[in-house]
Amino acid sequence: MLELRELVKHYELVGGETVRAVDGVSLSVSAGELLALYGPSGSGKTTLLLMVAALLEPTSGSVLVDGRNISTLSERDASQYRLSELGFIRQSFDLLPGVSTLDNAVLKLLKNVPWREAHARMKPLLERLGLGKRLDQHAETLSMGERQRVMIARALSTEPRLLLADEPTGSLDTQRSHEVLGLLRELCRERGVAVVLVSHDPLAAGYADRVLALRDGRLDGHQPGGTPVQHSVG
Amino acid sequence: MFHLYRVRLRSRLLQECFAVIGIAAGVGLLFASQIASNSLSSSVAQLSQGIVGSAKLQVLARDPRGFDQGLLSSVRHVAGVRLAAPLLEANANAVGPRASRSVELIGADESLTRLGGTLVRHTRLAPFGGVGAIVMPGPLARGIGVTRFGAEATLEIGGHVSQAPLYKQLSAHEIGPLIDTPIIVAPLSFAQEMAGLRGRVTRILVTPSPGREQAVRVALTQLAHGRLNVTSTNYDEQLFSKAAAAANQSTVLFAVISALVGFLFAFNAMLLTVSQRRRLIADLRRDGYTPRAVIGVLLLDAAVLGTVGCALGLVLGDELSIQLFHSNPGFLSSAFTVGSARVVGAQSVAVAVAGGMLAAVVAVLSPLRDILSRDPLAAIAPRQLAATRTVTRWRTALGALFVAIAVATLLAIPRLAIVGMVALTCALFLWLPLGLDATLASIARLARKVTSAVPHIAVSELRAGRSRAVAIAATCSIAVFGSVSIQGAHGDLQHGLENAAHDMNAFTDVWVSPAGSFNLLMTQPFPATSLARLQHLASVRQTSVYRGGLLDWRERRIWVIAPPSTARPLIPPSQLVEGNLAAAGTHVRAGGWVVLSQALAAEHHLHIGDSFTLPAPRPSTFRLAAVSTNIGWAPGAIVMNADDYMRAWGSPEPSALNVLLSPGTAPAQGRRAIERALGTGSGLTVQTAGQHADKQHTLTRQGLARLSQIATLILAAAVLATAAAMGAMVWQRRPRLAKLKLEGFSPRELWGTILLESVLLLLVGCAGGALLGLLGQQLLDRALASVINYPVVRSVALPTALAALAIVTAAALAVLSVPGYLAARVPASLALQD
């Protein structure tokens with residue numbers, strides 16, 4: 001589903017020094033697979049995500065989604081790609097305060113779907129995420145775990161093929177982290193969504209099908225999913 | 001504390017700079033409007049004080065022909081009189097090679113110098129070798145083109161034309177702030193000769209010995225025999241303040257509105273830094289600082305921002321007042337000598353600085369409840385965004401109460417119009433959040449019918465930043481409110497004055513009067529020698545004598561209108577507010593009856609049919625035939641027939657000639673024939689009734705021009721304030737926009753969202769302001785009509801309201817579109833950089 005081929009991103013600093021943020025990364029993620037990507041700060045995780053989200057042009061190499069090179073998309077096509085083919089979940093909750101759970105969740109969907117239909121589509125998913133009784137509640141009144149689940153609902157609202165999760169459990173306690181990761185894995189398997197999960201959280205590996213470590217822009221070892229990673233990696 | 005402040009400032013210099021600019025703009029606006037409102041009255045006071053020096057009392061003539069100079073020696077012999085100086089003041093038209101100007105000629109002798117007034121401190125008032133000469137301020141000399149020693153200016157005074165050589169130009173160094181006043185000073189005897197008033201003076205200034213003022217006043221009153229006025233030397237200032245009352249009240253109102261806009265501008269600018277400030281409060285409290293220490297840091301912040309902002313604002317306001325608020329005395333110059341100097345008083349500086357500092361302090365301390373909270377992190381805790389139902393109910397009820405106060409003021413006590421306007425402003429502030437909530441709810445409902453995320457995001461963003469949204473809407477709302485009220489009332493007043501001018505010109509085809517704008521109200525009588533020359537012209541059907549002028553009656557300099565008995569209509573029909581037009585016309589024509597304006601009648605407790613004594617040069621008894629508006633002259637007006645005027649003023653001299661043309665003679669043709677008959681050098685101006693009315697319109701427009709200028713400036717400031725606040729708000733939202741971009745929204749959609757948010761805010765603010773502005777207009781109209789008796793034509797200024805709404809919305813949107821566009825181009829990667 002997602003394939004990175006010899007992906008490279010170099011930055012020139014003012015003094016002429018070159019920073020190799022991502023340095024020849026190749027990997028692939030299948031539909032329904034959850035890949036956990038670990039790495040310390042500065043290892044190139046965010047740069048990698050930006051390139052996969054068509055927000056940053058690689059220095060070389062390519063990002064293929066269902067065989068299409070998304071690195072060369074126009075701005076308009078890139079927006080369309082992010083809207084309909086990609087879901088993005090982040091640690092900080094990008095929910096609009098003063099707006100209900102349901103309206104926050106349908107935000108992406110509203111671009112192409114009428115409001116009534118969007119609501120009808122989202123309700124089952126929100127109920128599935130345990131937010132059935134919180135539909136009319138304003139975002140700022142939800143707990144951290146609930147907010148993260150609204151973000152998952154929004155990310156999945158357009159039925160994307162690929163989901164990028166950047167530290168999705170960064171603000172959650174252990175129990176909530178388990179809940180969110182479990183839901184993420186379940187939903188993605190059900191819907192056949194490929195997931196790239198970037199995290200420091202050792203728990204995430206327990207829910208991943210595959211775990212990769214990134215260090216200094218290069219892949220540095222891998223292990224099968226299902227067991228928490230060593231702290232030295234994260 | 002200083003260290004903390006320095007560290008913080010370094011981290012958010014840009015926002016601090018914006019806050020400083022915001023405060024500067026607010027203070028600038030406030031300062032400029034203060035200068036504008038104070039300059040006129042200060043100008044009159046400066047001239048008055050510049051002439052009178054140490055004199056405390058004065059004996060004043062009641063008409064421009066003055067009184068016998070022989071009275072001077074009697075005054076000097078009064079026990080307790082230390083100094084007495086004679087003056088002749090006459091309205092004149094000064095003509096030079098470059099231009100002509102209406103000026104006041106001041107004739108004085110050396111005794112005036114001893115009073116120590118600024119005007120004559122450096123002026124020689126004795127004729128040189130028996131030859132009279134004049135001095136005048138440099139700007140006036142340059143204006144008319146008479147600048148060299150010995151160069152001659154032509155002075156036209158009441159039909160007398162004289163050549164006067166220039167002795168010197170007065171510099172600002174010599175006469176200070178009087179430099180911009182339209183005056184010409186001449187030795188007394190030369191001035192008397194030029195004005196055709198030999199041996200006569202219009203005023204004697206008196207300096208009593210210490211402690212003898214009251215006794216001297218009594219003695220002077222006895223000498224005056226009830227035919228002259230004995231007053232203190234600041235009498236002119238009192239008269240002016242009454243005459244300028246309407247303009248002053250309006251200016252006060254404008255100043256209040258400008259202050260509000262300025263304050264909101266500064267306040268909004270400061271609000272932009274509130275989120276950082278909240279974070280700082282939480283950090284400091286978490287680190288163990290007491291609320292007192294936190295307040296100290298914030299007050300230091302306010303002091304620094306306020307001081308820098310105020311300093312910049314004062315410079316900006318000063319420049320603004322130079323470029324935009326030229327003092328334009330307009331119609332008041334017909335009756336008072338008013339300069340065009342800007343007067344920058346300490347009070348103006350204090351008010352402007354206080355406004356700026358208050359905005360800074362109020363804004364930095366806006367999270368005061370959180371600072372004082374037991375929870376150290378209260379400042380950054382999530383807060384309730386929507387108003388509770390109880391708050392909404394209270395707001396609705398209080399807003400209704402304020403509107404009720406305004407309506408009650410309108411109906412019952414129109415003189416308290418300013419209270420009504422303040423009540424409407426309060427109602428506006430209370431109802432605006434409700435209006436915004438209701439609009440957002442409606443848009444949210446409408447948005448469900450369209451397939452687009454743009455309206456949903458716009459509504460959500462506005463709900464999320466509700467406080468700031470309300471503040472921005474309030475800024476444009478208050479400006480539109482002020483502008484619509486003032487422009488609407490201004491239009492109604494202008495219309496009413498035009499009607500009055502039309503009525504005043506309806507009884508003649510051609511006016512013949514002394515030259516100069518002073519003489520629009522016919523203040524300078526002239527010999528009737530030219531009347532005979534006109535009577536035999538083929539194009540002339542009838543000539544008659546119009547008399548009139550100004551009369552000081554207690555604290556009012558009233559306009560006396562005395563058309564010939566043959567005038568039809570004798571009483572301006574559209575100006576009557578009480579009494580029967582036909583009966584009043586018959587009475588006034590027959591003589592012994594007059595029409596008084598409402599405020600004058602009320603002040604003297606007069607009703608139709610009552611008799612009273614008018615303090616004319618020859619005090620005369622009249623009966624009241626009807627009550628009118630003030631016919632466009634704020635202190636009040638009196639209409640009598642020309643023969644009654646002749647008796648009461650003891651002079652047959654006309655103030656103007658009215659000429660009715662023969663049938664078939666076009667006004668312009670008749671005017672040319674009359675000009676030919678009078679010949680050059682008559683010192684008289686010939687105008688058709690249409691030209692005369694136009695000149696009156698021009699003067700009234702000039703008098704009201706400042707109102708338009710300030711109303712326009714308020715709008716311009718509101719546009720800038722709104723656009724700047726929204727621009728800054730949009731710029732701060734860039735990370736949020738980046739997140740939306742991350743979700744797949746294109747820059748175009750994000751730009752659309754920004755513009756929609758802006759349109760909603762502007763429309764809610766402007767519509768609220770315009771709606772209450774229309775009520776404000778009615779308040780001002782009623783105040784002008786019933787308190788100052790202006791001939792106001794009531795209307796509802798819907799076109800003005802719509803224009804203000806459209807202008808502010810379009811202009812702010814145009815200004816905002818650029819930062820909005822740039823913000824929408826934010827790189828999505830910003831969303832990942834927390």
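**Ground rules**

I number residues from 1 along each chain as its sequence is written, with chains lettered from A and ligands numbered from 1 in the order in which they are written. As this is a predicted model, local features need pLDDT of at least 70, side-chain atom pairs count only at pLDDT 80 or more, and totals for chains, interfaces and linings use all residues; side-chain values use heavy atoms, with hydrogens and water left out.

**Entry 1: where the chains meet**

I began with the contacts (heavy atoms within 4.5 Å). I found 29 residues of chain B in contact with 27 residues of chain A. Next I looked up the buried area, which is the accessible area (1.4 Å probe) that two parts lose on being put together, summed over both. Between chain B and chain A it is about 2,600 Å², and carbon and sulfur atoms give 63% of that.

How many salt bridges are there between chain B and chain A? I noted three, where a salt bridge is a side-chain nitrogen of Lys or Arg within 4 Å of a carboxyl oxygen of Asp or Glu. Arg154(A) and Glu743(B) meet in a salt bridge through their side chains, at 2.9 Å from N to O.

Which helices of chain B supply at least two residues each to the side that touches chain A? They are α17 (454-464), α25 (734-742) and α26 (747-786). Helices here (H or I, at least four residues) and strands (E, at least two) are DSSP runs, numbered from the N terminus. With six residues, α17(B) gives the largest share of that side of chain B. I also wrote down its make-up: 11 nonpolar, seven polar and 11 charged residues. In this sorting, Ala, Val, Leu, Ile, Met, Phe, Trp, Tyr, Cys and Pro count as nonpolar, Asp, Glu, Lys and Arg as charged, and the others, Gly among them, as polar.

**Entry 2: a lysine without a salt bridge**

Lys45(A) is buried and yet has no salt bridge; buried means under 20% relative accessible area, exposed over 50%, partly exposed in between (1.4 Å probe, protein chains only). Which side chain of opposite charge is nearest to Lys45(A)? That is Glu167(A), 4.8 Å away. For charge, Lys and Arg count as positive and Asp and Glu as negative, while His and the chain ends are not counted. I did find the backbone oxygen of Gly39(A) 2.8 Å from a polar atom of the Lys45(A) side chain.

**Entry 3: salt bridges within the chains**

I counted 27 salt bridges over all chains. In one of them, Glu85(A) pairs with Arg68(A), with the closest N and O atoms 2.5 Å apart. Glu85(A) lies in the loop between α2 (75-84) and β6 (86-90) of chain A and Arg68(A) in strand β5 (residues 68-69), so the pair ties together parts that are 17 residues apart in sequence. Glu85(A) is partly exposed at 23% relative accessibility, and Arg68(A) is partly exposed at 33%.

Then I turned to Asp209(A) and Arg189(A), whose side chains form a salt bridge at 2.6 Å, N to O. Asp209(A) is in the loop between α7 (203-207) and β9 (210-215) of chain A and Arg189(A) in helix α6 (residues 174-191), so this pair ties together parts 20 residues apart in sequence.

Asp644(B) is buried, at 4% relative accessibility.

Note on methods: A polar contact is a pair of N or O atoms within 3.5 Å; within protein, one must be able to donate a hydrogen and the other to accept it, and residues adjacent in sequence count only if both atoms are side-chain atoms.
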